[in-house]
Amino acid sequence: MIGTSQPRAGGLARVTGRQQFIADINLDHTLHVKLVHLDCGHARIVAIDTAAASEVYGVVAILTAADLPQPVPRFGPVHDDRPILAVGETKYHGQPVAAVAAETKEAAEAAAELVRVEYEALPGVYTVAAALDPDAPLVLEPGLRPDDPLRHSNVLRELNYGWGDVEAAKADLVVENSYAFPMVTHFAIEPHAFIAAPDDGGVVIWTATQNPFQTQRIIARVLGLPLARVRVIAPDPGGAFGGKQHPKYEPLVALLALRTGRPVRLLLTLEETFQEVRRTSCEIHVRTGFQADGTISFQDIQSDFLLGAYADVAERVITKANYLACGPYRVPDARITVRALLSHTTPSTAFRGFGTPQVSWAHESQLDDAARRLGLDRVDIRLRNLARKGEAFVPGDTPCDGDWAESVRKAAGAIEWGSPIAAGRGRGLAVAIKASATTGASYSIVRLHWDGSATVLAGTSDMGQGARTVLAQVAAHELGIPIDSIKVVMGDTAAVPFDLQTSASRSTVFMGQAVARACRDINAQLRQMAADLGLVANVSVVELLRARFSEVRGEVIGVGSYRSEHQPGHPLGGSPSFYEFSCTASEVEVDEGTGEILLVRHVTVADVGKALNPQHVEMQDEGAAVMGLGHTLMEHILLDDSGRIRNLGALDYRIPTTKDLPLEMLALVVENADGPGPYGSKGAGEGGLMATAPAVASAVTEATGVVIRDLPLTPERVWRAIQSRDL
Amino acid sequence: MQPFAYARPATLADAFALLDEHGPDACLLAGGTDVVVGLRNRTLRPEMVIDLKQVAELQPAISEEGSWLTITATTALAGIDEDQRIHARFPALIEAAATVGSAQIRNRATLTGNICHASPAADTAPALLAYGARVNVASARGTRRVDLDEFFVGPGKTVLQRGELVTAIDLPIAAERRGAAFARITRRRGVDLATISICCVVESAGRTVLAYGAVGPRPFMVADESGLLADPAARDGAKDEVLRQLLTKASPISDVRGSREYREAMLLVMSRRALRASLERLRAA
């Protein structure tokens, strides 16, 4: 059972279109909501006239900020900074200023167009440079953070990490460069969708979320309800990638449902979804010192991360990613200075990799640059510096928990590193490391029914990563029953016990352990039961249950939990439970005439401790690799001078298709059973995109001789670099 | 989507009557792959959508009459790809049609619709232009034929007048040997709009026709009558001179797909490549 490739629960329903998503849920007497936004990034709202809109047949309610409780409730996963609707000004392209609820979708759309908004376009902050300009408009009202010394700037937070003494460090070579990482959006196939209905003195909300318990908490606070009166139902999302981790319009639909006394639904368009979630862009300036043999002497990193108009969880992204900004290497002296900057753009949030693709883009490209200058092999320089198992590469914190060199050697072998290569081609290899979940808690209840089948209650969200299958495998293994006699119930705060969230590749470790412990709780009860009934030790589970529950029926209920407690004073609130380590190797062919890149072969290696379901791991890593090729080769949100997204929508924002896949792809694993999860497992599924950009860019450099430090590597960008080379 | 009336005429006469009645408030639909997107985005707001799929005279057909191959208005791009005569005589049109959308789109999208939408980046336009296509236009008042090169006016604009629709596209069947190639630059290999597109047709008598998309307000064509481009013995530098001269007709802009500078550079790069491929195919023919 463990280590076998059980078919994915729900996989067939997903690919045949039979899975029920939020948009497929139809409640009687539902009102349809359409949001009203401005064609502008930053604007002062002068007046909103809803008279014409309210005349549209079928319109039931139109809400603006003035119709909300005053002051307008604000919310967010960390800072309560985001208002339910724009108050006084819009802070990003697409921020809604009003919401129309009507009997039909068409009426809501028609009325939304008739809401007249008089506004004054204001200068906005759309870049790092603009955010740092002392004359820049302030994105966040100082009054919302009165005690923060940074309140009169666009800096949300400054971070300083480090150890040793960079100023005193000696180096034979200092490599100094700047790197940029673009804004990219998650592009889950299912756009964000929300339904709310009044429910027994409270409210019930259907939302495609990775985090039903946080939504429950925030709605309860905004509406002043006890948790038990807020029920969040989260059907398996159609892709999430971090973009569905935190509430967006759940408070709005909940308020509308309570105001109208009717169910309301809001389905964002794909374009509106693009305007709601993105990865944090950044500019990283690095000085790295090396000894002549390639040993890293110091890292001196200064970065600016451009958040959106509201903090969302981006501050956490930056905190965690930059904590490991030196990568998985032994660095004697380090200084990491980071600014988290607010801007008038789409709020940046959690996104697969959680900041790691940004920092690895810099630290890996630096190693390649040093290898070229020192005449060293690019794999050797990594092996020389990689932390060894047990080594505290961040002084005082969780030491290296895997044989990372094994992953590098495996990737190098698979890409045939060092073998002769055709003209016009190049190879690259890069590594990345992500701090996994730090603090957190997962609870599970397992019900072993009298017929020997079982229901597993787990608050994890299965957004396509396969948690349903893996948790069922754990239960099947622990209880010794067939996997097809197990039902995993998720995504309903009124039915399943608490889980912190589905993020950070934590579910296999945290919820996997909780489920395993709940099953072991059942097994202990069964042993006692057998003893009480005087049955022999090798009696089967079914025989035992029949003997115990023959007449009045019943079931055995097991409870399990897994917690990682807060550590006061720790920069991350707690030490990482494990590290997600990944190595990517790529071989490319570059068309020097056009700048087009062809991926000939692409390899990922993930150190997963133990692959509970090898095919699931492979699919996750392949999916991550393809997603990484998106930000590496083609994806970027383009803004115009007034902060509007120029490539809004699937036609102009391009992600890789099947035709863009590498000619050959390999997703390999390293299994040393050295993780904290069940059976020695670690989390997986993000690693495949964490080192894509530096691996591919390094290969492009070998093929062409040009070094590019901006992403994505579009044909035009590569072509321009080649033109400069040939000048 | 804004509410609209929908009609599915059975004859051309019925379609003309509807067109005359609704004029600019009507929108013609064949495959619907552009129209439905426009309706959903509310960029198209017709009062009447006239679906041509059931019009008896416009049923999908590819026929040969004299020296012309005729493709009716509702013939889908997938139907083009299934026709062996087009494969044999107009291979660059096959290459161009294969780049439109995805297989699912090509099952619905029509060649005529691709032309009538008049996108500067219409993928089939350069191939049709280079092969010398003409457009059959009809209305209640009669029919007329328009060379494709005169059909396009600007982005989304054609010479079609009120009450007119396109019934078919004709392609001239050449007696002489030709070599042709279609090529384009895109941001990715899968479904994408062209950053630039090009079709080259080299005739055995020495004339070379080049047609371009996405580098001006409308697709356009140029010809080298001197025979230099078709001359296998001519120097690359001399060919580049001719190509540069011909390409002065291009007026690319900068947009999200690429800058003007990149497009200008790619025009020459891709023209060279399409010309080389066309010459190789002519030699092999």
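Reply: In this predicted model, strand 11 of chain A is joined by four bridges to strand 14 (residues 264-267) of chain A, and the two run antiparallel. One point of this pairing can be named: Ala193(A) has Leu267(A), in strand 14 of chain A, as its bridge partner.

Strand 11 of chain A also pairs with strand 12 (residues 202-207) of chain A, again in the antiparallel sense, over six bridges.

As for burial, strand 11 of chain A spans residues 193-199 and is mostly covered, with five of its seven residues buried. In a regular strand, side chains alternate between the two faces of the sheet.

Domain 1 comprises 11-122 + 192-267, domain 2 comprises 281-437 + 572-725, and domain 3 comprises 440-564. Between domain 2 of chain A and domain 3 of chain A, the C-alpha centres are 37 Å apart. Their contact involves 22 residues from domain 2 of chain A and 18 residues from domain 3 of chain A. On the domain 2 side of that contact in chain A there are eight nonpolar, eleven polar and three charged residues.

Chain A as a whole contains 17 helices and 25 strands. Its radius of gyration is 26 Å, close to the 27 Å that the globule rule gives for 727 residues, so chain A is as compact as a globular protein of that length. Along the principal axes, the C-alpha atoms of chain A fill a box of roughly 80 × 80 × 50 Å. Buried residues account for 57% of the 727 residues of chain A. Of the contacts in chain A with a separation of 6 or more, 81% are between residues 24 or more positions apart.

Chain B has eleven helices and 14 strands. For its 285 residues, a compact globule would have a radius of gyration near 19 Å, and the 19 Å of chain B agrees with this. The C-alpha atoms of chain B occupy a box of roughly 60 × 45 × 30 Å along the principal axes, and 42% of the 285 residues in chain B are buried.

The two chains meet where 19 residues of chain A are in contact with 16 residues of chain B. On the chain A side, helix 17 (residues 715-725) of chain A gives the most, with three residues. That side of chain A divides into six nonpolar, six polar and seven charged residues.

Finally, there are the nonpolar cores. The largest has 239 residues, and those with the most contacts inside it are Ala475(A), Val515(A) and Ala130(B). Helix 13 (residues 507-533) of chain A gives the most to this core, with nine residues. Leaving aside neighbours within four places in sequence, Ala130(B) has contacts that include Ala92(B), Ala180(B), Cys199(B), Val209(B) and Met221(B). Another core, of 55 residues, lies apart from the largest one; among its residues are Leu35(A), Val59(A), Ile84(A) and Val115(A).

Note on methods:
Residues numbered from 1 in each chain as written. Chains lettered and ligands numbered in written order. Predicted model: local features only at pLDDT ≥ 70, side-chain atom pairs only at ≥ 80, totals over all residues. Domains from an automatic or database assignment. Contact = placed C-beta atoms within 7 Å. Nonpolar A, V, L, I, M, F, W, Y, C, P; charged D, E, K, R; others polar. Core = buried A, V, L, I, M, F, W, Y, C linked by C-beta atoms within 7 Å. Buried ≥ 20, exposed ≤ 12 C-beta atoms within 10 Å, placed from the backbone. Rg over C-alpha atoms; globule rule 2.2 N^0.38 Å. Pairing = 2+ DSSP bridges.
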